[in-house]
Amino acid sequence: MTALPSASPAPAAAFSRHPVPCGRGVSATRWLAAGSLLALIVLCLAWELVLAPVRPGGSWIALKALPLCLPLAGVLKKRMYTYRWLSLVIWLYFTEGVVRGWADGPPAQWLAWGEVALCLLLFVACTLHVRLRQRNAQAAAQAA
């Protein structure tokens, strides 16, 4: 009777939250994502409360910044899952920016196009971060 060949155990690095040591690209995309996310939160709050609110004195639309605060902890803790779902959720803010960029008047219009630019920057940073981390994890798994 022959024993079945056992599957080689997967490297522990492939399943941990921090799969491989960060390279320069991974850390740069992490800081770019965190910075653009923080800038987007500040822009949303300033836009709806001070710079060009829908109603004088601010409005409840400022609460749109609240969902952006949820992924901030995951981005700072380098959680891959957060980067993945944030790259999908950010399209809601992109859509709002495009709609308000075409429909609103000049002060709000400029802020809307700023929101669009920050959304694009955040999306690129998140997707590059995920791609680089996966590439580094594959390289570490092959080296092991």
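User: Hello! To get my bearings, what pattern does the protein follow when read along the sequence?

Analyst: Welcome! This is a predicted model, and its secondary structure comes to four helices and zero strands. Read from one end of the sequence to the other, the pattern is α-α-α-α.

User: What share of the residues in the protein is buried?

Analyst: A residue counts as buried when its relative accessible area is under 20%. The protein has 144 residues, and the buried ones make up 35%.

User: Among contacts between residues at least 6 apart in sequence, what percentage joins residues at least 24 apart?

Analyst: Contact here means heavy atoms within 4.5 Å. Taking the contacts between residues at least 6 apart in sequence, the part that joins residues at least 24 apart is 72%.

User: How are helices α3 and α4 oriented relative to each other?

Analyst: Helix α3 covers residues 80–103 and helix α4 covers residues 106–143; their axes come within 8 Å and cross at roughly 160°. An angle over 145 degrees counts as roughly antiparallel. Therefore α3 and α4 are roughly antiparallel.

User: Which handedness does the crossing of α3 and α4 have, and how many nonpolar residues are in their contact?

Analyst: The crossing of α3 and α4 is left-handed. The residues of this contact include seven polar and five charged ones, and the number of nonpolar residues is 18.

User: Which parts of the chain does the salt bridge between Glu 48 and Arg 100 link?

Analyst: The closest N and O atoms of Glu 48 and Arg 100 are 2.6 Å apart, and both residues are buried.

User: Is Asp 104, which meets Arg 100 in a salt bridge, buried or partly exposed?

Analyst: The N to O distance between the side chains of Arg 100 and Asp 104 is 3.0 Å. Asp 104 has a relative accessibility of 26%, so it counts as partly exposed.

User: Which residues are linked in a network of salt bridges?

Analyst: The count of salt bridges comes to five. Arg 100 pairs with Glu 48, with Glu 96 and with Asp 104. The linked residues are Glu 48, Lys 64, Glu 96, Arg 100 and Asp 104.

User: Which helices are included in what covers the buried residues of α2?

Analyst: Helix α2 spans residues 66–76, and its buried residues are Leu 68, Pro 71, Leu 72, Gly 74 and Val 75. After α2 comes Lys 78, with a positive phi near 65°. The cover over the buried residues of α2 includes α1 and α3.

Key
Residues numbered from 1 in each chain as written. Predicted model: local features only at pLDDT ≥ 70, side-chain atom pairs only at ≥ 80, totals over all residues. Heavy atoms only, no water. Axes fitted to C-alpha atoms, helices over the stretch in contact; angles between N-to-C directions. Helix = DSSP H or I, 4+ residues; strand = E, 2+ residues; numbered from the N terminus. Parallel < 35°, antiparallel > 145°, perpendicular 65-115°, else oblique. Left-handed = near helix turned anticlockwise from the far one by under 90°. Nonpolar A, V, L, I, M, F, W, Y, C, P; charged D, E, K, R; others polar. Salt bridge = Lys/Arg side-chain N within 4 Å of Asp/Glu carboxyl O. Buried < 20%, exposed > 50% of the residue type's maximum accessible area, 1.4 Å probe, protein only.
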